Amino acid sequence: MRASLTILLALIAGGPAVADSGDAATVALIRKMEQERIDAGLRKDVAALDATTADDYLQIDMAGNTRDKATQMKRIASSEVTMQSNTLDDMAVRVYGDTAVVTSQVDLEGHASTGARARIV
């Protein structure tokens, strides 16, 4: 899954995975913001996530289920899913004018209220 996701994101971004592009201060800020978003998810800090998530956010999970922003924020706030760890590896930031594309590999571990446990790499 890790390799195919990286390839897919590279194709969407318009080319092979490359090192960070853009000025160093912008790239550093975007990397910091992405790590803060990951940390907010671990803390279930819905206010921080809501403030940094686009209103037209749409998540498609590995089972093909879709969730809009409101549904995802409710899910995070609930005890339905709890993450123990969420680590980003091989993060690349590409800056195109006033738009940035961030790609990374994720090592996520957590459990659901149903008792199911998962580790996604």
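**Contacts, core and confidence**

Biologist: Which residues does valine 95 touch, not counting residues up to four places away in sequence?
Modeller: Bear in mind that this is a predicted model. Valine 95 is part of strand β3, which spans residues 81-96. Leaving out residues up to four places away, valine 95 touches Ser21, Gly22, Thr26, Val27, Ile30 and Ala100.

Biologist: How far apart in space are valine 95 and aspartate 23, C-alpha to C-alpha?
Modeller: In sequence, 72 residues separate valine 95 from aspartate 23. In space, the C-alpha to C-alpha distance is 8.4 Å.

Biologist: Is valine 95 buried, exposed or partly exposed?
Modeller: Its relative accessible area is 22%. Buried means under 20% and exposed means over 50%. The value of 22% lies in between, so valine 95 is partly exposed.

Biologist: Which elements give two or more residues to the largest nonpolar core?
Modeller: That core has six residues: Val27, Ile30, Ile38, Leu88, Met91 and Val93. Two or more of them come from each of α2 (24-43) and β3.

Biologist: Which residues does isoleucine 38 contact, leaving aside neighbours within four places in sequence?
Modeller: Isoleucine 38 is one of the residues of the largest nonpolar core. Leucine 88 belongs to that core too. With neighbours within four places set aside, the contacts of isoleucine 38 are Asn86 and Leu88.

Biologist: Is glutamate 34 buried or exposed?
Modeller: Glutamate 34 lies in helix α2. Beyond neighbours within four places, its contacts are Leu88, Met91 and Val102. Its relative accessible area is 16%, and the limit for burial is under 20%, so glutamate 34 is buried.

Biologist: Where is lysine 44, with its positive phi?
Modeller: Most residues other than glycine have a negative phi. Lysine 44 has phi near 60 degrees. It is partly exposed, at 27% relative accessible area. Its place is the loop between α2 and α3.

Biologist: Is aspartate 90 buried or exposed?
Modeller: Aspartate 90 also has a positive phi, near 50 degrees. It is found in strand β3. The limit for exposure is over 50%, and aspartate 90 has 57% relative accessibility, so it counts as exposed.

Biologist: Why do the buried residues of α4 line one face of the helix?
Modeller: In α4 (residues 69-77), Lys69, Gln72, Met73, Arg75 and Ile76 are buried. Seen down the helix axis, these residues line one face because they fall within an arc of 160 degrees.

Biologist: Which exposed residues does the face of α4 turned away from its buried side carry?
Modeller: The buried residues of α4 pack against α3, β1 (58-60), β2 (66-68) and β3. The face turned away carries the exposed residues Lys74 and Ala77.

Biologist: In what order do the elements run from the N terminus on?
Modeller: The chain has four helices and five strands. From the N terminus on, the order is α-α-α-β-β-α-β-β-β.

Biologist: Which element has the lowest mean pLDDT?
Modeller: The chain has a mean pLDDT of 82, and 83% of its residues reach 70 or more. Over residues 1-18 the pLDDT is below 50, though this stretch has 17 contacts in the model beyond near neighbours in sequence. Where pLDDT is low, the predicted coordinates should not be read in detail. Helix α3 has the highest mean, 96, while the lowest, 40, belongs to helix α1.

How values were computed: Residues are numbered from 1 along each chain as its sequence is written. This is a predicted model: local features need pLDDT of at least 70, side-chain atom pairs count only at pLDDT 80 or more; totals for chains, interfaces and linings use all residues. Side-chain values use heavy atoms; hydrogens and water are left out. Buried means under 20% relative accessible area, exposed over 50%, partly exposed in between (1.4 Å probe, protein chains only). Contact means heavy atoms within 4.5 Å. pLDDT is the predictor's confidence in each residue, from 0 to 100. A nonpolar core is a set of buried Ala, Val, Leu, Ile, Met, Phe, Trp, Tyr and Cys residues joined through side-chain atoms within 4.5 Å. The arc is that of the directions from the helix axis to the C-beta atoms.
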